[in-house]
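Please open the model in your viewer and keep the selection tool handy. We will go from stop to stop, with something to pick at each one.

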Amino acid sequence: MSRTPDLAWTVARAHLARRRTQNVLTVLGIAVGVMVLIAALSLTNGFTRALVDATLRASPHLSLNAYAPSGRDAGLEAELRSDPRVTAFVPFVGDKGLLTRPAGEGRAAGVDFATLFGVTPAAAEVLGLRPEEARLLRGLGQNEILLGEALARSVGAFTGDEVRLLNSTQRRAALRVVGVFSTGNFLIDSGYAFTSLGTLQTLQGTRNVTGYQLRLRDPDLAREVGQELTRLRPYASLPWQDLYGTLLDQLALQKRVIAFVVFLIVIVAAFGIANVLTLAVFEKTQEIAILRAIGATRGLITRVFLIEGAVLGLGGLLLGNLLGLGISLYFTVRPFQLPGDLYFITALPVEVRWTDLLWVNAVGLGTTLLAALIPARRAAGVEPARIIR
């Protein structure tokens, strides 16, 4: 009994040595499928992460919106300062309005809608803008505005120009453009603008604030932190995952669809293993019958062909992992360029996740073993008396 595993391995190795060309092609088929699957998942992960990072450059990780606008909440601010999960916070006033730039100097008039945020200099620490953009945000004065890059192009406003604002309460103000910011997310760059907190408060005729915007050490904890902070306070929690939930759901669906479609390649390659082993069963029928006649059990015959399938599958998985990681490394060094006005980002980064690698290898190995099980059971069912006669 102790020699049975050695006999199974010896027979399997002899079978594999006789069909080298077919075995190599089978291994390459599995490797290509695994390679494409790993590369596709890594590129999808990179696209998702880049889009989220671009989105969070001009968006807080968490917003706490008061049910009824009121003055600044000293108790909440004290708790935010003492919470180690919060790295920065800023009170804000939110509004929507129509921005216009009068015609002049050979330029036609410009107009567009905008979402405005009135903030204090602390907003530079809450948002992830570039250093020069953060400096402009930190230095916003009364009746000054910082425009998203695409919004500035739409309105036709340049640094130093004057734009006119008609806000949601039908009040008007003239604002001087101090600069533009760019996140890489076209939806934000075409719709957001920042002013000083006092500018919007004066325009609305109030000293109240809409709420607070927070930056966290771990953005993924936004929903949990928001629930804790608003449990006993009259604030509504708005984590970034809820604000951009539709986008995240679409990206997750995209990844699942890509993974399923590409995994079909692995399934096709697995049928290659089934074909090779089925041919081996037909060719080795007499050999199998002799082994059965001298005492080989059905289990031993089954293990022989499962070992062959496992060797081919592991070989394809190993080569596929190396090729997939190699392609991922290549795109890390030389990112794939994208049109920023269409995909929000200008380059497609790569993010390899070990969970994806484990999933790909586990499912790939399971598929190849299932493919090998069909001919293995056929081989185990060979009747030695009928074949030898």
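With which residue does Arg81 form a salt bridge? Select Arg81 together with Glu77: these two are the partners, and their closest N and O atoms are 3.4 Å apart. What you are looking at is a predicted model, so please read every distance on this tour as computed from predicted coordinates.

**Stop 1: a pair within a helix**

Stay with Arg81 and Glu77 for a moment. Both belong to helix 3 (residues 74–82), and because they are four residues apart there, about one helical turn separates them. Now colour by accessibility: Arg81 is exposed, at a relative accessible area of 57%, whereas Glu77 is buried, at 7%.

**Stop 2: a pair across the sequence**

Next, select Arg85 and Glu228. Their side chains meet in a salt bridge, at 2.9 Å from N to O. Arg85 is in the loop between helix 3 and strand 2, while Glu228 is in helix 9 (residues 222–230), so this pair ties together parts 143 residues apart in sequence. Both ends are partly exposed: Arg85 has a relative accessible area of 23%, and Glu228 has 34%.

**Stop 3: between two helices**

Move on to Glu125 and Arg138, another salt bridge, where the closest N and O atoms are 3.1 Å apart. Glu125 sits in helix 4 (residues 123–126) and Arg138 in helix 5 (residues 131–138), 13 residues apart. Glu125 is partly exposed, with a relative accessible area of 40%, and Arg138 also counts as partly exposed, at 38%. Over the whole structure, a search finds 14 salt bridges.

**Stop 4: the nonpolar cores**

Which residues have the most contacts inside the largest nonpolar core? Select Val119, Leu137, Phe181, Phe194 and Leu214; the core they belong to has 36 residues. Strand 2 (residues 86–101) gives the most to this core, with five residues. Centre the view on Val119 and show its surroundings: leaving aside residues up to four places away in sequence, Val119 touches Val90, Pro91, Phe92, Leu137, Phe194, Thr195, Ser196, Leu197 and Gln213. A second, separate core has 29 residues, among them Ala12, Ile38, Val266 and Val304.

**Stop 5: a nonpolar patch outside**

Switch to a surface view and select Leu253, Val257, Phe260, Val261 and Leu264. They form a nonpolar patch on the surface, with about 460 Å² of accessible area together. Leu253 lies in helix 11 (residues 245–283) and counts as partly exposed, at 46% relative accessibility.

**Stop 6: two backbone angles**

For a torsion check, pick Asn143, a residue other than glycine whose phi is positive, near 60°. Asn143 is in the loop between helix 5 and strand 4 (144–148) and is partly exposed, at 35% relative accessibility. Gln170 is not a glycine either, yet has a positive phi of about 65°. Look for Gln170 in the loop between strand 5 (162–167) and strand 6 (172–181), where it counts as exposed at 59% relative accessibility.

**Last stop: confidence**

Finally, colour by pLDDT. The protein has a mean of 84, and 88% of its residues reach 70 or more. Select residues 1–5: pLDDT stays under 50 there, and the model has two contacts beyond four places in sequence for this stretch. Where pLDDT is low, predicted coordinates should not be read in detail.

Note on methods
Residues numbered from 1 in each chain as written. Predicted model: local features only at pLDDT ≥ 70, side-chain atom pairs only at ≥ 80, totals over all residues. Heavy atoms only, no water. Patch = residues over 30% accessible without salt bridge, like charges linked within 9 Å, V, L, I, M, F, W, Y side chains within 5 Å. Areas by Shrake-Rupley, 256 points an atom, 1.4 Å probe, with all protein chains shown as cover. Salt bridge = Lys/Arg side-chain N within 4 Å of Asp/Glu carboxyl O. Buried < 20%, exposed > 50% of the residue type's maximum accessible area, 1.4 Å probe, protein only. Core = buried A, V, L, I, M, F, W, Y, C linked by side-chain atoms within 4.5 Å. Contact = heavy atoms within 4.5 Å. pLDDT = per-residue confidence, 0-100.
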